[in-house]
Each structure stands twice: as structure tokens, then as C-alpha cells.
Amino acid sequence: MRMSSFFYTLGQGFKNLGRNRWYTLASIATISACLFLFGIFYSLVSNFQHVVKTAEEGVSVTVFFNEGTSEEVMLAAKSLIEKRPEVSKVVYISAEEAWESFKTDYLGEYADGFTENPLEDMGNLQIYLSDVSMQPALVTYLESINDIRTVNRSEVTASMLSGINSLVAYVSMGIIGILLLVSIFLISNTVTIGIAVRRQEIEIMKYIGATDFFVRAPFVIEGILIGLFGSVIPLVIIYVIYNKASFYLAERFSMLNSILDILPVNTIFEALLPISILIGVGIGFMGSVTTVRKHLHV
Amino acid sequence: MEKVRRKRVARPVGEDDIITLENVTKSYSTGAPALNGVTLHIKKGEFVFIVGDSGSGKSTLIKLLLRELVPSDGKITVMGQDLGRMRHRNIPKFRRKLGIVFQDFRLLMDRNVYENVAFAQRIIQKSSREIRKNVPSVLATVGLAGKYKSKIKALSGGEQQRVAIARAMVNKPEILLADEPTGNLDPNNSWDIMKLMEQINANGTTVIIVTHNREIVNAMHKRVITMKKGVVIYDEEEGEYHDEDE
């Protein structure tokens, strides 16, 4: 295609936006609304998952060994456990370290009365998981190791976090799916109206000898532009709102900072920006191509 | 089938035929065929009127020549190409060698005279330089040299039809098809348009005009093909307009 033809086609795509400006605005507004909701949802889900992840990292399984188990055996078990995919970290606490920690935390000066280590058999491994939903499988495995006496775990926390995580993922996927279908329908409607308005022009183009591509391209460009504008507008709004909201929350609820660790806007936008533009342009492209194929027999 | 009355039944088939129809029939799903066993030969550079009442098959003939329709039976060859076998992707290239003019002009009302004519060049992807050269030239030929920037709504019916002719001619077609080009015009403008058509024909373009204008057909002494109920009932050199009852 010649450069002049390329720019003409591109120009026609832009002009189409102006020719059906009310439908264009309605389509852009709806896609913007959908992608705005998507962006808000994405920001919330990302932050929630971040909080869950932080909480998950704090959930550990502790294993105690049989009486008289040597440190070598415990360290060998540690190496084995570390190799499992769901395990992110294993910390070995020797009997001495356990006693020292207990003395500091609970006994203070009263500890001086003890001449021997009463926690002689309390050497243990603290196991942190990368995926908390795998906790039951890990526990089954740990219980099968001969030298292990007890496995302590917080089953309620693990299953609750895992459950909330899945629920949020499924609900968000469902809502986003519905919003995308609505957007495709709206773009399709706008392009259909555009084709109807330009029926005579298309007919003349066909009689004069325009190729199928040349007739169809401006409508596809129109759809892509609607999708692009429809994605950029909510991104700008979300950027501003997110920034203000995160500053406000950090200042107002500073005591919750350890739990409520809000992700910085740039981290959110690293993924949200390309995803939103891809979705916007993608639904614009799909909506217009399917409509043009259906209604524009050239 | 109705008996075909031709003053010249068999026109000589020559190598210089630009359009040939061999026993062409076009049927739609219901009713009688729109064209029924039509055989025609039109030579390169001819000026031909096609006349006939509504339902005679004129519009179907034009659509077949534009490859908007394909024949149910028979063979149509235009500029050496068998339209029945033409692939869909080759249709645009074929149509670039045809110019088409309609009764209702079919101009783009939101654009000016220059843009309407340039449109025909843009969509076949001519360069901007070619467009700047060709459009003024063809506008001068049709007598609209001073009206490049005029809005279509500001033009008379005759001028609008001139713009439509300029648009049809700017891509230098070999054949100009005009479907009732004077149907919406007063007698003076009609004659001006016909003179323009003669001028175009004199420059080598084959001109085929579908019309109901008896006065013009009888005055111009050109080849006249008369159709009735899907068949050619007259095909005369320097012919005249025949009534349905004749």
C-alpha cells in the first residue's frame, strides 16, 4: 500500500469517528467505564493478593523431631524439605536457639534458675510456603518422615487465605468477561451504524474498484481507535485516583502500614497499562472485524 | 419465448468486440428469468443505447456487465475476461476499467467537487501527485474548471451529473456505463450531458447508455438495443426508440 493510501485510510478511520460522533462517544464512554471498572478491580485484586501473599509468607508449619534425633538428621530433613516446590524457606531452630529465644521472650531474669536446657528435644524446623493451598500435601509428606514427632500448622488460616484468593480470582474473571462482551457488542453496534450511514459511499467504492481491504480498513481503524481511546481515558483517571488514594490511606491509617502495604502506582501500571490497551484495542479490532465481515459484503 | 425481431439479427463477431454475451440467461429464485437467452456483441469504441420498459431486463444487464451478478447460463466476456469465471478478488481490478454513471448521481454530499472526483482516484490508490494532475484535467473536460471547491448542494442537477461523469472518467475507463443519466435533468441539461457523452466516445471510450429518453435516442442516430421481458427485440444501427406495443 502506498504511503498516501495508508494515510488516507487512517484519515478515513478518524473521520468515521466524527461522522457518527454520538455513537462514537457512547462506545468510548462504555468501553472506558468497563476498563475503568477493570482497572479498579485489578488494582484492588493486586493489592489484596499482595496482602494475602504477605500473610501467606507469615504462615509457617513447624515440625518437631523424636527424642534424641541428632542435628545431622534434622539438617538432612531440612535439605529434603527445601527441595519441595511449595516450600519457599526452611529455618532450622536448634534446641539452644529455642531455649535462648524462650528465655528472652518469657523468662527474663528468672531463667538463671535453670542449669540445663529444658527444651533439649525441642530442636525444630520452621517451614514457610510459597503457596499456602499446598499446606495439606506438605503436612502429609512431613508426617511420613520417620524422625518427625509432631507437625504443627494453622489449618484455618491456610484454607481461608487460599479460599479467598480463589474466590476473588473467579469473581474478577467473571465480571471482566461480562464487561468485555458488553464492550464488543457496543463497538459492533457503532460500526454497524457507521456502515449503514456510509452505505452509498461503500457502494460507489465497490463500483469504482476499491479492494475489499480498502473498503473495510477504515471501519477496522475506527474500531481500534474507539478501543484505544476507551482504554487510555480510564487509565489516566485510575492513575490520578490511585495515587491520591494511596497517599491518603498511607497518611490517614499509618498504624495499619504493616498489614495494609499498598502497592505503588507504577507497580500496578506495569501490568495494567499494557493489559488495558491490549484489551481496548483487541475488542475494538474484534468488534469491528466481525461486524465488517458480517455486514460489509464487498 | 417471444420471437425476437431484429433488423440486424447477427452482428459480425470480430476481434474488436469489447463486450459479448452468448445466450445469457439470468434467473432469480422466483418468477420468470430477468434475461432470457440474450446474445449481444458490442465493439470497442461503440456508442450504444439500451432501451426498454421497466422489467425488460436493462438493470439486470448492467449488473451483469459490472459483475455484480453472474449469469445463470451462457457466457459474458468483457474486455477479454470471462465474467462467470472471474474470481472475487479480481473484480476490483476489472471494475477500474469501467466507469459508471447513475440517474441519481450518487455523489458524496459532504465533500466538494474536487474531493468527489479525487475520491475515485484515492480508492484505487493513485498517488497524491497523480491525483493533483488528473482531477483538474478531467474537471476541465466536463466544463467544471472553475468549480473545484463548490459544495455539491450548491450545483445544479446538470452540474452534479457532470461531476459524476468526471468521477467515472478520471480513472480512464475503457467502457462508460450510464444508467438513465438524464432521468433527473431538464431537456437543456440532458442535451449537454449527451454532447459530453459523445465527446467521451469520440476520445475512444465505449459508451453504453440505458435510457427512457425517446427524443434523445431518436435524435442521436446511434445503435439502439431494445429489450422486452428479458430478451432483445430490436438491435439496430442508427436505430430509434420503439414503443412496447410495436
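Where is the place of K172(B) in chain B? K172(B) sits in the loop between α5 and β7 of chain B. The model is predicted; local features need pLDDT of at least 70 and side-chain atom pairs count only at pLDDT 80 or more, whereas totals for chains, interfaces and linings use all residues. Residues are numbered from 1 along each chain as its sequence is written, and chains are lettered from A and ligands numbered from 1 in the order in which they are written.

View 1. With 13 C-beta neighbours inside 10 Å, K172(B) counts as partly exposed. R67(B) belongs to the loop between α1 (58-65) and β4 (73-78) of chain B. R67(B) has 19 C-beta neighbours inside 10 Å and so counts as partly exposed. Helices (H or I, at least four residues) and strands (E, at least two) are DSSP runs, numbered from the N terminus.

View 2. Helix α5 covers residues 157-169 of chain B; at 1.5 Å a residue its 13 residues should span 18 Å, and its end C-alpha atoms are 18 Å apart, which agrees. The expected span is 1.5 Å times one less than the number of residues. Because eleven of the 13 residues of α5(B) are buried, the helix is largely enclosed by the rest of the structure. Among the buried residues are E159(B), R162(B), R167(B) and M169(B).

**View 3. Packing of α3 against α4 in chain B.** Helices α3 (residues 113-122) and α4 (residues 128-141) of chain B pack at an angle of about 125 degrees, with their axes 10 Å apart. That angle makes α3(B) oblique to α4(B). Axes are lines fitted to C-alpha atoms, for helices over the stretch in contact, and angles run from 0 to 180 degrees between N-to-C directions; under 35 degrees counts as roughly parallel, over 145 as roughly antiparallel, 65 to 115 as roughly perpendicular and the rest as oblique. On the α3(B) side, the contact includes V113(B), Y114(B) and V117(B), and on the α4(B) side I131(B), V135(B) and L139(B). Two residues are in contact if their C-beta atoms, placed from the backbone, lie within 7 Å. By class, the contact of α3(B) with α4(B) has eight nonpolar, two polar and two charged residues. Ala, Val, Leu, Ile, Met, Phe, Trp, Tyr, Cys and Pro count as nonpolar, Asp, Glu, Lys and Arg as charged, and the others, Gly among them, as polar.

**View 4. The side of chain A that touches chain B.** In the interface, 15 residues of chain A are in contact with 15 residues of chain B. On chain A, α1 (3-19) and α7 (199-208) each supply at least two residues, and α7(A) gives the most, with six. This side of chain A has eight nonpolar, five polar and two charged residues.

**View 5. I233(A) in helix α8 of chain A.** I233(A) is found in helix α8 (residues 212-252) and is partly exposed, with 18 other C-beta atoms within 10 Å. I233(A) and I31(A) are 202 residues apart in sequence and 9.6 Å apart in space, C-alpha to C-alpha.

Key: A residue is buried if 20 or more other C-beta atoms lie within 10 Å of its own, exposed if 12 or fewer, and partly exposed in between; C-beta atoms are placed from the backbone.
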